[in-house]
Amino acid sequence: MTTFATGCALAWAGTAIAAEDAPAAREEDGAEARRALYEALSAPPKGYLRTLAGLSFGGGLRFNNPYRLATQLGASAESPSATAPYTTLMGALAFGPPDGLQHGGMLGLSFALRGVGQTVLTPGYVLMYRGSGRLLAYGRAGPEILLSPDLNVGLTVAGGGAFFVTGGLGLVLDVAGSLFYGASTWEKKYPAYPVLSASLGLILDVEFLP
């Protein structure tokens with residue numbers, strides 16, 4: 001009888017202890033679940049994609065004028081000359097944190113608006129940053145492919161910025177430096193044609209959230 005009573009007492013005590021520990025265990029599990037949810041919500045979103053599209057108009061300066069173009073800006077034929085005005089259609093894709101550095105690829109297609117018809121294709125790598133405000137800054141680099149009137153390939157390094165009037169529509173300024181190699185002349189066997197250009201236009205920013 002004494003053994004039976006002792007067993008019952010121990011069982012009752014174990015049940016009481018388990019009952020006292022149950023709320024604490026549930027509270028700990030709830031805190032752990034809340035912590036995991038907070039970490040998931042505060043982590044940078046995965047699968048974020050930024051797309052950009054733009055239309056701009058611009059012009060440039062050619063710092064080597066071996067063909068003595070009529071658009072020279074100085075007193076002599078060797079002075080810088082103006083390029084034809086052009087328009088550019090641009091698209092870009094970028095990956096990364098929404099409020100941090102993003103990188104991706106871009107593609108531009110430019111057309112001369114005056115003089116000899118020229119078409120230029122500009123693929124490249126782009127690095128950009130847009131914080132929580134209205135400004136976006138970017139840099140890009142890549143080949144510049146002259147498709148017409150004669151095929152030629154150069155290199156371009158550019159940078160620019162955009163000010164967004166609305167959340168997705170803004171004004172963009174792009175400044176680019178390009179370098180082309182061309183046919184030899186009497187003065188130089190391997191002439192290089194550096195070009196500095198700038199354009200101003202509209203840009204559209206569309207974000208795809210995960």
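Colleague: What is the relative accessible area of Phe163?

Modeller: This is a predicted model, where local features need pLDDT of at least 70 and side-chain atom pairs count only at pLDDT 80 or more, while totals for chains, interfaces and linings use all residues. Residues are numbered from 1 along each chain as its sequence is written, and side-chain values use heavy atoms, without hydrogens and water. Buried means under 20% relative accessible area, exposed over 50%, and partly exposed in between (1.4 Å probe, protein chains only). Phe163 is partly exposed, with a value of 40%.

Colleague: Which strand holds Phe163?

Modeller: Strands here are DSSP runs of E, at least two residues long, numbered from the N terminus. Phe163 falls in the one that covers residues 152-164, strand β7.

Colleague: How much accessible area does the nonpolar patch have?

Modeller: A nonpolar patch joins side chains of Val, Leu, Ile, Met, Phe, Trp or Tyr within 5 Å, from residues with over 30% relative accessible area and no salt bridge. Areas come from the Shrake-Rupley method with a 1.4 Å probe; for residues, only the protein chains shown count as cover. The members on the surface include Leu135, Phe163, Val165 and Phe208. Together they have about 810 Å².

Colleague: How many salt bridges does the structure hold?

Modeller: A salt bridge is a side-chain nitrogen of Lys or Arg within 4 Å of a carboxyl oxygen of Asp or Glu. Arg50, Arg130, Asp205 and Glu207 are linked in a network of them. The total for the structure is four.

Colleague: How many residues apart in sequence are Arg50 and Asp205?

Modeller: Their side chains meet in a salt bridge at 3.0 Å, N to O. Arg50 lies in strand β1 (residues 49-62) and Asp205 in strand β9 (residues 192-208), so the pair ties together parts separated by 155 residues.

Colleague: What is the relative accessible area of Glu207?

Modeller: Glu207 also pairs with Arg50, at 3.0 Å, N to O. Arg50 counts as buried because its relative accessibility is 2%. Glu207 is partly exposed, at 42%.

Colleague: Which strand holds Arg130?

Modeller: Arg130 meets Asp205 in a salt bridge at 2.7 Å, N to O. Both residues are buried. Asp205 lies in β9 and its partner in residues 119-130, so the bridge ties together parts 75 residues apart in sequence; the strand of Arg130 is β5.

Notes:
Helices (H or I, at least four residues) and strands (E, at least two) are DSSP runs, numbered from the N terminus. Patches are made of residues with over 30% relative accessible area and no salt bridge: like charges are joined within 9 Å, nonpolar side chains (Val, Leu, Ile, Met, Phe, Trp, Tyr) within 5 Å.
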